[in-house]
Amino acid sequence: MVKIREAIVVEGRFDKNTLSQIVDAPILETEGFGIFKNRAQLALLRRVAKKRGLIVLTDSDGAGFVIRNHLKSAIDARYLKHAYIPDIPGKERRKTAPGKEGKLGVEGMRPEVILDALRRAGATFEEETSAAPETGITKADLLELGIYGPGSREKRAALIKKMGFPEKISTNAFLQAVNLLCTLEELTGIVASMENNNG
């Protein structure tokens, strides 16, 4: 597995699944055209881009370029890199028929094609790794802070709102986002300040 410094944004979960088997990097989703309506997700992408850089890796069809252009206009170009996959005719294994334009998307690309696209985009390759990626903040930390586990939903929802994350962000996506944007000490401080303001 190849470690990349920048975060990578893809269109959906199948693209994310493919990419997560090839690279050790934070991978975020636009949820297809959902990015046009989800201001909180776009704000999160902006923050991540500013903090560590963001590589846009969308399909090479018309929809992929519409999403890419939207991100290009919404996020400062200084923090963006663009990875382009080639036009390869075909269909993904899980599909019964090819897409509208008959091209393979990110999900259907071979690992070497994706890595080549990332290299050409200027991705910062840090090292080869064989182990699972390390994480700074864990679910155990969230449990200790009272924002994960039984009875934590309301507190976590308030924290999500305070941090400006998408309202419907999953626990795993929340964990990834806080690891991208803050340390455990910073998160503990945010939780403590919320408790002080409510107490």
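**Exercise 1. The crossing of α2 and α7**

Determine the handedness of the crossing of α2 and α7 in this predicted model, and describe the contact between the two helices.

*Solution.* 
Step 1. The crossing of α2 and α7 is left-handed.
Step 2. The helices involved are α2, residues 39-52, and α7, residues 171-181; their axes lie 9 Å apart and form an angle of about 35 degrees.
Step 3. From α2, the contact is made by Leu44, Arg47, Val48, Lys51 and Arg52, and from α7 by Ala177, Leu180 and Leu181.

**Exercise 2. The buried residues of α7**

State which residues of α7 are buried, and identify elements that cover them.

*Solution.* 
Step 1. A residue counts as buried when its relative accessible area is under 20%.
Step 2. In α7, Thr171, Phe174, Leu175, Ala177, Val178, Leu180 and Leu181 are buried.
Step 3. The cover over the buried residues of α7 includes β4 (27-29), α2, α5 (139-144), α6 and α8.

**Exercise 3. The largest nonpolar core**

Find how many residues the largest nonpolar core has, and which element contributes its largest share.

*Solution.* 
Step 1. The largest nonpolar core has 35 residues, and Leu71, Phe165, Phe174, Val178 and Leu187 have the most contacts inside it.
Step 2. Elements giving two or more residues to this core include β2 (7-10), β5 (54-58), α3 (62-74) and α6 (153-163).
Step 3. The largest share of this core, six residues, is supplied by α7.
Step 4. Beyond its neighbours within four places in sequence, Val178 is in contact with Ile137, Met163, Phe165 and Leu187.
Step 5. Apart from this core lies another, of 23 residues, among them Ile4, Ile85, Met109 and Ala121.

Definitions and conventions: Residues numbered from 1 in each chain as written. Predicted model: local features only at pLDDT ≥ 70, side-chain atom pairs only at ≥ 80, totals over all residues. Heavy atoms only, no water. Axes fitted to C-alpha atoms, helices over the stretch in contact; angles between N-to-C directions. Helix = DSSP H or I, 4+ residues; strand = E, 2+ residues; numbered from the N terminus. Left-handed = near helix turned anticlockwise from the far one by under 90°. Contact = heavy atoms within 4.5 Å. Core = buried A, V, L, I, M, F, W, Y, C linked by side-chain atoms within 4.5 Å. Buried < 20%, exposed > 50% of the residue type's maximum accessible area, 1.4 Å probe, protein only.
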